There are 4 protein chains.
Amino acid sequence: MADDQRARVAVPRDRDDDTSEVAAAGRRDFVREQTGVDLHHVGSYDFDPAVTAGNIESFLGVAQVPLGLAGPLLVDGEHAQGEFYVPLATAEGTLVASYNRGMRVLHESGGARTTVVADRMQRGPSFLFPSSREARDFCAQLDTDFDGLAAAAATTTSTGRLLDIDRWVVGRRVYTRFNYSTGDAAGQNMTGKATLAACEWLRPRVAAMESYILESNTATDKKPSLANTMLTRGKRVVAEVTVPAAVIEQRLHTTAQAMFDARQASIHGGLLVGSFGNGSHPANGVTALFLATGQDAANVIESASTLNLTEVRPNGDLYYSVTMQSLIVATYGGGTGLPSQRECLELLGCYGSGRVRKFAEIVAATVLAGELSLGAAVVAGDWVSSHDTYGRNRP
Amino acid sequence: MADDQRARVAVPRDRDDDTSEVAAAGRRDFVREQTGVDLHHVGSYDFDPAVTAGNIESFLGVAQVPLGLAGPLLVDGEHAQGEFYVPLATAEGTLVASYNRGMRVLHESGGARTTVVADRMQRGPSFLFPSSREARDFCAQLDTDFDGLAAAAATTTSTGRLLDIDRWVVGRRVYTRFNYSTGDAAGQNMTGKATLAACEWLRPRVAAMESYILESNTATDKKPSLANTMLTRGKRVVAEVTVPAAVIEQRLHTTAQAMFDARQASIHGGLLVGSFGNGSHPANGVTALFLATGQDAANVIESASTLNLTEVRPNGDLYYSVTMQSLIVATYGGGTGLPSQRECLELLGCYGSGRVRKFAEIVAATVLAGELSLGAAVVAGDWVSSHDTYGRNRP
Amino acid sequence: MADDQRARVAVPRDRDDDTSEVAAAGRRDFVREQTGVDLHHVGSYDFDPAVTAGNIESFLGVAQVPLGLAGPLLVDGEHAQGEFYVPLATAEGTLVASYNRGMRVLHESGGARTTVVADRMQRGPSFLFPSSREARDFCAQLDTDFDGLAAAAATTTSTGRLLDIDRWVVGRRVYTRFNYSTGDAAGQNMTGKATLAACEWLRPRVAAMESYILESNTATDKKPSLANTMLTRGKRVVAEVTVPAAVIEQRLHTTAQAMFDARQASIHGGLLVGSFGNGSHPANGVTALFLATGQDAANVIESASTLNLTEVRPNGDLYYSVTMQSLIVATYGGGTGLPSQRECLELLGCYGSGRVRKFAEIVAATVLAGELSLGAAVVAGDWVSSHDTYGRNRP
Amino acid sequence: MADDQRARVAVPRDRDDDTSEVAAAGRRDFVREQTGVDLHHVGSYDFDPAVTAGNIESFLGVAQVPLGLAGPLLVDGEHAQGEFYVPLATAEGTLVASYNRGMRVLHESGGARTTVVADRMQRGPSFLFPSSREARDFCAQLDTDFDGLAAAAATTTSTGRLLDIDRWVVGRRVYTRFNYSTGDAAGQNMTGKATLAACEWLRPRVAAMESYILESNTATDKKPSLANTMLTRGKRVVAEVTVPAAVIEQRLHTTAQAMFDARQASIHGGLLVGSFGNGSHPANGVTALFLATGQDAANVIESASTLNLTEVRPNGDLYYSVTMQSLIVATYGGGTGLPSQRECLELLGCYGSGRVRKFAEIVAATVLAGELSLGAAVVAGDWVSSHDTYGRNRP
């Protein structure tokens, strides 16, 4: 690489925390120089780039992701009550229409009942000892020292609280999951800081500890895992509904039994090929809502895993439930305060503190709507044709 | 629900394919009426909403997702060659800076060598028979009738081609994966249409077939699965590098052995808790690149699963490889043609036909950069502190 | 350890291939000396220890495992036809009685229809290359060189035949599964020898290959794995039956719907906790039959994984199918020729060559009997009480 | 089926609890009549069949499984201390010799350090409610009513004790794992009875409960599962050793680094194909010890899953640890009291009460010996040749 190249290389890296408009425009100029591409649309944001401080480095502009409006979504939750209009950000044709259809079905069935059953976020440090003997003893010490650990963690956060610690001995290493309540934040950074403080407090108290690593993949952040399914990560939420036979026929053009049978085929298909969860397409709704509202879209990986339980009632009604085991959402912090994202949260009445479980319920109800709609489309045979109507089935 | 409510309800659903500015503004007005929220930023797009036709229904506006610029990323691929500036859309502070650091390490190590090793997209119909006997015979017939099936599929697409068919008997049901090459499109819709045509061609030729379902969760679209890992979904790509010991010390403030040891802890931690893959945070880079370039962000679920293989060389260098088994990307179709998204693809020289493997290589190289950077941060102990510097570690 | 101890230490290890009665008695004497325990029952075998040559080292005596007789098992297979009396070796009270009940149900339902749908055994060598580029090219070479590989493998076995090779690039390593047909042997050793010969033939033809390992855990011998489920290991067999409503009521004291509902609860329970397969207790029947007939009981791990698919018919009948994806059985070699084990195979008409698929069908039908019986017991509430009657529910 | 056939059918089923010698001989006569096979060896047991009461129905005779003697195994445990001679029942040639070699390596390395880190057995009832709301409330009630549940469970057993209850809401169903300590018994029956009593006590106290099922596959008895790995089933035991470089060279003809590198290849191979655990062949040793000592061989499925953690020390020594997460063993009840089985337990000093953790440690140390030996054989290239020497590599 020649010297002049080195000079140019420097641009995107240097002063990456400068969020002034001058810096942003400079980066776009640099790109044009380097590649000949004019970032006209990328540069067409309507806010002062300074608002992105803490959200991004080397700010260049924005991706403008289309938003569609679905609803009303009728929710019979403990935190979300009534009708909601749901903004969905996607470029997949048919998606909004399909969720919309599901929301209509929910509406005509009395709404989605939603229940938050657990709520916890974690960081997973691991600790090394001379042998498994000291490793096991350390596990016991985590109980004895719990109050001290919780107090150390609490020095770093006003809203997070250490709940308990899962632990496992593997050889001479102890793996853990430090579980926290995190208020209205998703909490990955909060739990990182708190666990670091807890570990540093602990270190001098455990003579046998050789070293520790703050994260050893047991929190499985942004990775699918059975630990998330079994031990919960984020919110554990159920959305359920009993759809009357008449609604299934009129709106979905099929029957409860046919939908149930197709579910059976899917459940066993998923088992056969080692699929996580047993949902149809929870990821579509979760991703679209996450993008609209400033959630971390990478957390879709954990958040979109559901266990769907369905039953055909003797009268031909369909009971359909969606259980999300690791829904990671926030109504505060992260990208939730960015201009358009905040508007979308406000549209749902979910911006700011004390709203996160309400938001979790809305996500779960939205997912339920999508499962009903696609579940019926696969059966009724209008899946491909609807993509022809709405989508990009042209290539 | 009162009649006037019904009237209002109608708005987001009615004429959901009207992508005129009038319709979009009408939806925003409707929302303001219903919720009191003014969608100012959501409405601040700089393109004619008509461009979103086929991408979304009930178009309301846009999510403006911040873009940062990383690079140069030096790629020694078969399709991507040289330096690239990489747009990353995210609201997670530190992410761009961390990938940037990894890209510098790659650069100083001679770049990331990238190799596409497989390429296929699928749809997974299942077929029902009176008993397992006819089910097994049907599996054989899929071979005999392969040319006919491929021809039927080909009537629906000019770029897709049926490659082969995986098949399994479970009880009296046959599960399959129809595997296609899909050119520069991601191909989920293409394979849906093609497989429907193939199945309809097949149905009258199989007297014993009772029914079939176009998808029974063996394609595992937008779901993590071992099938995707073992049988490939989308692109299978490797990115690898040998980082000199001196670069590790200077840029990452640690050693190859320390990074390797932390990897070992993570690999076993992941095994313990039932995690897919063994990467550190591939999802962050994949999601950010997907959002910037108009990929379907819900496909991050499959795409972000990696197998990382690392070695400490006797001279203290670190060999690091990332293998992506199911990277689902497109340079044509879907959201890739939307205004800002297209610009980002152009910035990478990846917009349009014949570019998809080049793009796949850039994604893999980006992920490799991120694995190096986070892998070092966890070891060197600057993980939390860097989030304090850049990110939102304040709540 | 004192010198005289060292001398004693030598006993069990020295001349471990001496299968004379003198050597066996000497070992029992040694044990008595060392531990004071008289191995009276262990020494009470009724055969010349020389028959165990090739099956065991340091022969000491026998474990006498109780055998129960179940049946008649009515099988409507392609290889097994008619009634069979099934020897089951176990010490778990209730097991034989429960399978027997299930066999009666099968009998009254017209027997179990059985179908072998695939048959293959593997060894999983991995190969190392300078980079993923050569690794990928090697994958292609496995096709070009297939005939040579198959010929090299064939030099080591008269009954085994190389069928095809699954392959995956991970970083700079190529993982494979060499798939063989293995006649009436289970084939683990046969495939080991054949694959070694194939690899040695291949090595000089692949200049870029740095090294290879004969097994890298992709054959997953004696380990549960999705590869076994998806790619088959041993025999893939289905056993299925439609049980008339009247039989369910009379013999199982419940209904098809109740059994189906309990299955649903189990399937979702298994998904929740990351269980392989979805059977109730296939391991019980498989283990008992394996022990009786000289199969390798460690292969129960793969062999006992089933996918059960059930349906309630409109008339109240129950369709029940069991699909075994990796049933590893032999009617020749290994322990099948040992005295009592051979008798048990003969009792089933399954000793010797050309009988292995017949035996596989009997195993599958037996497992189906057990699934029906336990599936009903859980529902009808006589599960614990039957263990009280028959078993050891006393502590 | 003709009437006379029905008559014959009756034989194995009728009076299946008659363990007299007359009944046993009658069954063998019946078999000879039906099939022409003389069960000479099956009938050659040396005990009164009455001892099998509670272990088997329709007693027919015995499978005589060859036993080999390995050892001395040097164990540095908390319960097992010193040298042990280990009886291994198998028909797989090479197995005993291989474990023996590993035991010699352990001996020359100072023995295997063993640590029991957890101990619990479970039954997994599930409970149905009108909706997820009552399901969640029921989860809370399990805490409030814990003492009552424990007391109800305690009425059925003198040695079992309810420790705690894992619980999950899925839709309107609550899944649980009732965890017990079970003394020296394996405890599957004990926990079944105790949980039935607890559930019956609970039922009238939970008005909203619609029904319950005593087991819904969350205990995953005789099935591999992540729940067993993460939540422990049976004993969780670690065996570990540091093997000096000289011993590796002299006894295993390889180096620590070579063995470590092969492990790496295996770990990633296993991840690739969806294998549970990461051991080499723990099932071989576990099965052989289980058969010898009257353990339930079907429990090998859970028991043989290990996480192996290895390290190369700077001085060329090899640290090797085996962690068993769900080792299900007993020194009392089940088949442990059968004549030859009891002798084998006595030989280990493990028969009767208060010995089960000692036995668990011996199993873990044995497994460690086998992992070392095979791990080296794969590397040193004497794997196939040793099977040629000892085993049945002839077909």
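Because the model is predicted, local features need pLDDT of at least 70 and side-chain atom pairs count only at pLDDT 80 or more, whereas totals for chains, interfaces and linings use all residues; side-chain values use heavy atoms, with hydrogens and water left out. Residues are numbered from 1 along each chain as its sequence is written, and chains are lettered from A and ligands numbered from 1 in the order in which they are written.

Between chain C and chain D, 134 residues of chain C are in contact with 134 residues of chain D. The area buried between them is about 11,000 Å², with 60% given by carbon and sulfur atoms; buried area is the accessible area (1.4 Å probe) that two parts lose on being put together, summed over both. The interface of chain C and chain D holds 2 salt bridges, a salt bridge being a side-chain nitrogen of Lys or Arg within 4 Å of a carboxyl oxygen of Asp or Glu. One of them joins the side chains of Glu92(D) and Lys222(C), at 2.8 Å from N to O.

Strand E1 (residues 59-76) of chain C supplies the largest share of the side of chain C that touches chain D, 13 residues. Helices (H or I, at least four residues) and strands (E, at least two) are DSSP runs, numbered from the N terminus. The residues on this side of chain C comprise 63 nonpolar, 49 polar and 22 charged; Ala, Val, Leu, Ile, Met, Phe, Trp, Tyr, Cys and Pro count as nonpolar, Asp, Glu, Lys and Arg as charged, and the others, Gly among them, as polar. E1(C) runs antiparallel to strand E1 (residues 59-76) of chain D and is joined to that strand by 9 bridges, where pairing requires at least two DSSP bridges between two strands. Ala63(C) has Val65(D) in E1(D) as its bridge partner.

Chain D also meets chain B, with 17 residues of each chain in contact. About 1,400 Å² is buried between chain D and chain B, 74% of it from carbon and sulfur atoms. In chain D, His268(D), Leu271(D) and Leu272(D) lose the most area to chain B, together 39% of what that side buries. The count is 0 salt bridges and 5 residue pairs in polar contact. Helix H9 (256-272) is among the elements of chain D that each supply at least two residues to this side, and H9(D) gives the most, 6 residues.

Chain D superposes on chain B by a rotation of 180° with 0.0 Å of shift along its axis (RMSD 0.0 Å), which is the relation of a two-fold axis. The C-alpha of Leu271(D) is the nearest to the axis in chain D, at 4.0 Å.

Notes. Contact = heavy atoms within 4.5 Å. Polar contact = N/O pair within 3.5 Å; in protein donor to acceptor, adjacent residues only side chain to side chain. Least-squares fit on C-alpha atoms with pLDDT ≥ 70 in both.
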